[in-house]
Amino acid sequence: MGKKIKKEVEPPPKDVFDPLTIESKKAATVVLMLNSPEEEILAKACEAIYKFALKGEENKATLLQLGAVEPLTKLLTHEDKTVRRNATMIFGILTSNNDVKKLLRELDVMNSVIAQLSPEEEVVIHEFASLCLANMSIEYTGKLQIFQHGALEPLLRLLSSPDPDVKKNSIECIYNLVQELNDLHAEALSVVANCLEDMESMLLIQQTGGLRKFLAFAENSTIPDIQKNAARAIAKAAYDPESRKLFHEQEVEKCLVTLLGSESDGTKVAASQAISAMCENTGSKEFFSTQGIPQLVHLLKSDSEEVREAAALALANLTTSNPANANAAAEADAIEPLISTLSSKRDGAVANAATVLTNMAMQEPLRGAMQSHDVLQALIGPLGSANAVVQSKAALAVAATACDAEARAELRNRGGLEPLVELLHSKNDEVRRYSSQAVMVCAGDEPTAAELCRLGALDILEEINLSVSRKNKFSEAAYNKLLNNNLSLKYSQTGYLSSSNLIGDGFYDYGRINPGTKLLPLKELCLQGPSDQRAVLLINNKSVDVSLPMEDKSSDLSYGRSISSSSSLRGASREKTISRFSTGFGSPTELKSDPTSGRNTVLSKSATKEKGLRKGRGKKEEEKVKEEEEVLAIPKLAGEGSPEKEWYPPPDPDLCTYVYEVTRSILPITNLKEQIELLAKYVAEKMGGRIAKDKLPDFSWELHISELKFQLKSNVIPIGYIKKGIFYHRALLFKALADKIGVGCSLVRGEYGRTWNEVKLLDQSRKGVTGGLPAPEIFIVDLMFHPGALMKLGSREANLYRFL
């Protein structure tokens with residue numbers, strides 16, 4: 001027998017016992033009743049659907065599936081008030097469902113719902129109609145439809161309704177509408193901003209009047225994000241020249257100035273950035289001169305660092321190459337807040353403020369005002385910044401403001417030169433260039449130049465200039481400027497002084513030194529004893545003060561206390577000047593004259609006078625004078641025994657005499673060539689006279705110099721002491737005297753001790769000839785073989801003089 005198969009019993013259909021399904025079937029039946037022509041049936045059907053929808057979200061979805069929404073929308077405008085009321089109540093409930101809201105937007109029923117807000121309708125209709133709109137206003141498209149169909153006015157009217165639910169729904173809907181609007185404007189502005197970057201779109205917007213609407217909207221809006229985004233859109237588009245032109249034609253500047261007054265920091269920043277971009281347009285720059293700059297200056301005082309940075313950037317762009325705007329900024333009292341901004345924590349703010357100050361410093365009155373506010377002291381901090389942009393802008397500001405000795409002294413005394421010199425080491429080209437420029441400006445006076453050299457600026461610049469990739473025009477100019485304010489070093493390093501390099505008191509010729517070698521200061525050289533090294537030649541036209549009581553001179557004169565050469569020569573006898581001269585060197589009266597040299601020296605005259613003075617004196621008085629001379633002749637190192645007194649370079653009475661004599665006799669001559677010739681003969685006379693070429697080896701100048709070293713107890717010899725000099729002694733004296741009387745000449749060091757002077761003279765044979773004057777010719781002055789002779793540079797005679 002086969003196995004009996006057991007038949008499984010299938011469970012009954014789910015909807016047989018499911019009460020929810022049963023209600024759904026009933027709902028489906030009720031939905032069909034919505035097509036009835038009878039008002040009573042429609043009213044009851046709507047009431048049943050309302051109750052069904054109240055039970056939950058699932059029922060609302062069921063009604064949507066059953067197709068109840070579309071026939072219900074038709075009932076919103078039904079003639080029967082009850083039907084209309086019940087339909088409105090249903091939509092107040094159904095619109096909490098997103099799918100229902102979507103369908104309603106497609107069916108475009110906003111006019112029908114909004115119509116229920118009329119004053120003639122019942123309060124209950126107002127309640128559910130406003131509820132429907134509140135639900136619909138949650139999403140973007142619903143908000144837009146509600147706004148476009150004019151719902152805002154009736155909703156505002158319902159705020160005076162006595163029913164609290166009506167008020168609540170109306171307020172909620174209005175709030176949502178205003179908040180959409182914000183989002184739409186923000187999104188719209190983003191779209192416009194992108195369109196403004198495209199020139200064709202920009203033109204289209206401008207031609208259709210949209211650009212003017214856009215600007216008016218941005219200017220009049222009270223919503224910070226809208227203002228900020230509008231300003232950003234303008235800034236972004238304004239980087240294109242054509243766009244800037246269109247913006248200017250639409251008077252965008254007025255809009256931006258208005259936005260500067262916003263309460264929002266973000267809007268202030270965006271507006272300042274837009275102004276910065278618009279500054280490339282000349283017309284815009286002119287507009288902001290009277291409107292905009294005062295507001296930007298006010299923003300420099302903001303508590304927000306970001307606002308201050310943006311305002312400083314706008315001012316930097318406005319004042320660049322625009323003196324009128326720089327003046328406007330100063331008139332708006334920008335100097336003090338700009339200097340305060342130099343201490344900002346934001347590098348951008350510091351750099352921008354430094355740029356504005358640089359632009360303002362181009363005008364001397366403004367520069368003076370800035371200096372009165374201690375601008376150089378404020379720039380010291382930024383010079384030490386770790387940010388390369390800040391470093392470069394601060395260095396440039398120093399270059400623009402340190403234009404006079406007082407300002408440079410302040411920078412020097414405040415310790416600002418150290419960080420400036422340090423910037424010369426920078427690997428950043430711009431930092432190195434601007435710091436070199438600042439050093440060039442600061443080297444404009446001798447004290448600052450000397451301090452810069454002490455800090456190593458000269459060595460660093462020399463190293464930079466040896467590099468093809470690192471050097472720049474300012475590094476070379478700064479190096480030369482430092483040398484020009486330290487002629488002793490320049491001559492030692494380069495072996496050349498031009499006619500514009502005027503030798504002053506305290507100049508000394510140490511001899512040739514190699515690049516990178518330190519040149520010892522004069523004081524240190526004077527304090528050293530004599531050696532077999534080359535003598536250091538000193539130029540010092542300052543003479544001793546003969547008016548001091550005798551008891552004061554033994555100490556004061558050892559420091560080189562000085563008076564003018566004219567007063568010393570006019571007010572005292574020559575022998576007094578000589579006998580009272582003491583700088584730690586031996587007295588010149590002890591130096592023996594050379595009767596065979598053919599010179600008519602002051603020393604020989606002094607000796608004769610002194611001998612005459614001693615006649616008739618008693619033995620006691622003669623011994624006393626001799627004792628005084630011996631005391632004065634005792635070698636004394638400068639500064640010895642008087643450490644508290646300031647050190648002065650040793651004076652040179654004979655040089656004072658030379659200057660006085662050439663000033664009196666040669667300076668008045670109007671013919672330059674004659675001046676040069678006479679000065680050359682004068683110098684040769686004082687240094688041993690004319691020397692025949694074949695007699696040059698017999699000219700015992702080395703012994704003479706050695707004797708001076710021994711007698712002066714130093715390697716430093718004042719030039720007036722030398723009575724037997726050759727090429728480099730005579731050329732130096734000629735240059736020093738020529739500079740005193742305004743005769744232009746250069747000093748050139750050659751090889752093997754040869755040194756000469758070059759002068760420029762016009763060809764007199766061309767005098768009176770029409771047409772342009774020819775370039776002056778260069779001549780070498782003969783101070784040795786035929787004193788006063790002028791040898792044309794490049795000629796055989798000139799070459800023999802220089803090299804053989």
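This is a predicted model: local features need pLDDT of at least 70, side-chain atom pairs count only at pLDDT 80 or more; totals for chains, interfaces and linings use all residues.
Visitor: Good to know. Which residue forms a salt bridge with E677?
Guide: That is K673, with the closest N and O atoms 2.5 Å apart. K673 is partly exposed too, because its relative accessibility is 40%.

Visitor: And where do K673 and E677 lie?
Guide: They lie in helix α42, 4 residues apart, which is about one turn of the helix.

Visitor: How many salt bridges does a search of the whole structure find?
Guide: It finds 28. Side chains of opposite charge can pair when their charged atoms come close.

Visitor: Could you walk me through another one? What does K51 meet in a salt bridge?
Guide: The side chain of K51 meets that of E47, at 3.6 Å from N to O. These two residues lie in helix α3, residues 39-54, and are 4 residues apart, about one turn of the helix. E47 counts as partly exposed because its relative accessibility is 40%.

Visitor: Are R308 and E305 buried or partly exposed?
Guide: R308 is buried, because its relative accessible area is 14% and the cut-off for buried is under 20%. E305 has a relative accessible area of 24%, so it is partly exposed.

Visitor: New topic, the sheet. In what order do the 5 strands of the open sheet run?
Guide: The order is β1-β7-β8-β9-β10, and the pairing is antiparallel. At the edges are β1 (496-497) and β10 (790-792), each of which pairs on one side only.

Visitor: Which helices pack on the sheet?
Guide: One is α42, residues 672-686, the helix of the K673 and E677 pair. Helix α42 touches β8 (755-761), β9 and β10, and its direction makes about 165 degrees with that of β8. Another is α44, residues 727-741, which touches β1, β7 (746-749), β8 and β9. The direction of α44 makes about 40 degrees with that of β8.

Visitor: How many bridges join β9 to β10, and how many join β8 to β9?
Guide: There are 3 bridges between β9 (residues 777-781) and β10, and 4 between β8 and β9. The strands run antiparallel in the β9 and β10 pair, and so do β8 and β9.

Visitor: Can you give me some residue pairs? What stands opposite V781, and what is the bridge partner of L761?
Guide: V781 stands opposite L790 in β10. The bridge partner of L761 is E777 in β9.

Visitor: And which residue in β10 stands opposite I780?
Guide: M791 does. I780 is found in strand β9, and at 0% relative accessibility I780 counts as buried.

Visitor: Which residues is I780 in contact with, leaving aside its neighbours within four places in sequence?
Guide: The contacts include W756, N757, E758, L790, M791 and Y801.

Visitor: Last stops. How many of the residues of α17 are buried?
Guide: Helix α17 (residues 252-260) is mostly covered, with 7 of its 9 residues buried. Among them are V252, E253 and C255. The buried residues pack against several helices, including α14 (210-220), α18 (265-278) and α20 (293-299).

Visitor: And on the outside, which residues form a nonpolar patch on the surface?
Guide: L156, L159 and I171 do, with about 250 Å² of accessible area together. L159 lies in the loop between α11 (152-157) and α12 (164-196). L159 is partly exposed, because its relative accessible area is 34%.

Technical notes. Residues are numbered from 1 along each chain as its sequence is written. Side-chain values use heavy atoms; hydrogens and water are left out. Two strands pair if DSSP finds at least two bridges between them. Contact means heavy atoms within 4.5 Å. Axes are lines fitted to C-alpha atoms, for helices over the stretch in contact, and angles run from 0 to 180 degrees between N-to-C directions. Patches are made of residues with over 30% relative accessible area and no salt bridge: like charges are joined within 9 Å, nonpolar side chains (Val, Leu, Ile, Met, Phe, Trp, Tyr) within 5 Å. Accessible areas come from the Shrake-Rupley method with a 1.4 Å probe; for residues, only the protein chains shown count as cover. A salt bridge is a side-chain nitrogen of Lys or Arg within 4 Å of a carboxyl oxygen of Asp or Glu. Buried means under 20% relative accessible area, exposed over 50%, partly exposed in between (1.4 Å probe, protein chains only).
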